[in-house]
Structures are given as C-alpha cells and as structure tokens.
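Hello,

Here is the structure I promised to pass on. Please open it and read my notes alongside.

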Amino acid sequence: MTTLKVGDTAPNFEALDEQGNLVKLSDYKGKKLVLFFYPKASTPGCTMEACNLRDNYQTFLAKGYEVLGVSADSAKRQQNFIAKNELPYHLLADEDKKVIYAFGVWGPKKFMGREYDGIHRTTFVIDENGIIEDIISKVKTKEHAKQILM
C-alpha cells in the first residue's frame with residue numbers, strides 16, 4: 001500500500017495527540033520509534049494490537065523504543081481507548097489524515113465483500129535518525145510486539 005521503503009527518511013509529521021499536545025517526528029530524534037497505524041479505536045483487532053504493545057511496553061523501552069499509535073479517531077475517542085485499556089503510550093488523533101496520507105496507509109479495503117477506503121493496519125519502525133528500518137504491513141494483532149522485536 002505505502003510507497004515508503006526501508007531506508008527512506010520517515011515523513012516529517014506533526015499532529016495532536018489525545019490530550020491536544022502537538023507531537024512531531026522531531027520529538028523522537030535520538031530515539032527509536034514504533035509508529036503503528038490502526039483502523040479504529042476500541043474495535044476488536046485494534047484493541048488486541050494495542051494491548052499486545054501495552055503488555056510488551058517495558059521491553060520496548062528497555063530496547064530504546066518509544067511507541068506511538070495513529071488513527072483518524074477523535075481525541076476523545078483516543079482518550080477513552082487509552083483509559084479503557086490502560087495504554088501507557090500516546091495516540092495521535094489524525095482526524096484530517098495528514099499523517100495517515102504522509103505514510104501512505106489510506107486506501108481501498110475489502111471487508112465481508114464490501115469495498116471502502118480506510119486505514120491499512122501498518123507499523124513503521126523508525127531509527128534514531130528518522131530513517132525507516134522496518135515496515136510491517138501484515139500485522140498479527142495478537143503478537144505484534146514479537147513481529148517488531150524479532
């Protein structure tokens with residue numbers, strides 16, 4: 001789906017998180033970043049994925065990674081998703097889809113025979129210098145942390 005490749009410079013994004021704070025890629029300079037895009041907060045697959053990352057969050061921190069989620073949900077919906085699932089990381093409320101478009105994860109999807117446009121569940125692992133070191137497009141929601149950390 002995305003035209004970005006491993007070795008490319010990650011798009012320099014800025015968007016508001018669930019608290020209304022401005023978050024930019026440059027905030028993570030010198031740190032590794034797991035940037036995961038998911039279709040919709042509080043849906044079964046997205047909840048499994050977010051909770052799997054939550055359950056492995058200390059391992060990510062120990063290995064020098066920050067974790068940041070992105071969907072087109074409102075800040076309020078993101079806040080509820082965090083509170084309900086005790087997520088320790090921030091979520092971007094990318095309602096205008098600027099970050100989603102920049103990473104090329106919006107496009108046609110099929111679900112139960114219906115075609116529509118939406119977010120393709122994709123994770124980008126970005127190194128300390130803003131270079132994409134991995135792109136995971138076939139996300140296994142129940143064991144996503146393992147896919148990232150292997």
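Strand β3 (residues 32–37) is largely enclosed by the rest of the structure, because six of its six residues are buried. Buried means under 20% relative accessible area, exposed over 50%, and partly exposed in between, with a 1.4 Å probe and protein chains only. Strands (E, at least two residues) and helices (H or I, at least four) are DSSP runs, numbered from the N terminus.

This is a predicted model: local features need pLDDT of at least 70, side-chain atom pairs count only at pLDDT 80 or more, and totals for chains, interfaces and linings use all residues. Residues are numbered from 1 along each chain as its sequence is written, and side-chain values use heavy atoms, without hydrogens or water.

In a regular strand the side chains alternate between the two faces of the sheet. Lys32, Val34 and Phe36 point one way from β3. Leu33, Leu35 and Phe37 point the other way.

What lies beside β3? Two strands pair if DSSP finds at least two bridges between them. Six bridges join β3 to β4 (residues 65–71), and the two run parallel. Five bridges join β3 to β8 (residues 122–126), and these run antiparallel. Take Leu35: its bridge partner in β4 is Leu68, and Phe124 stands opposite Leu35 in β8.

The open sheet has five strands, in the order β5-β4-β3-β8-β9, with mixed pairing. β5 (90–93) and β9 (132–136) are at the edges with a single partner strand each, so one side of each has no neighbour in the sheet.

Best wishes
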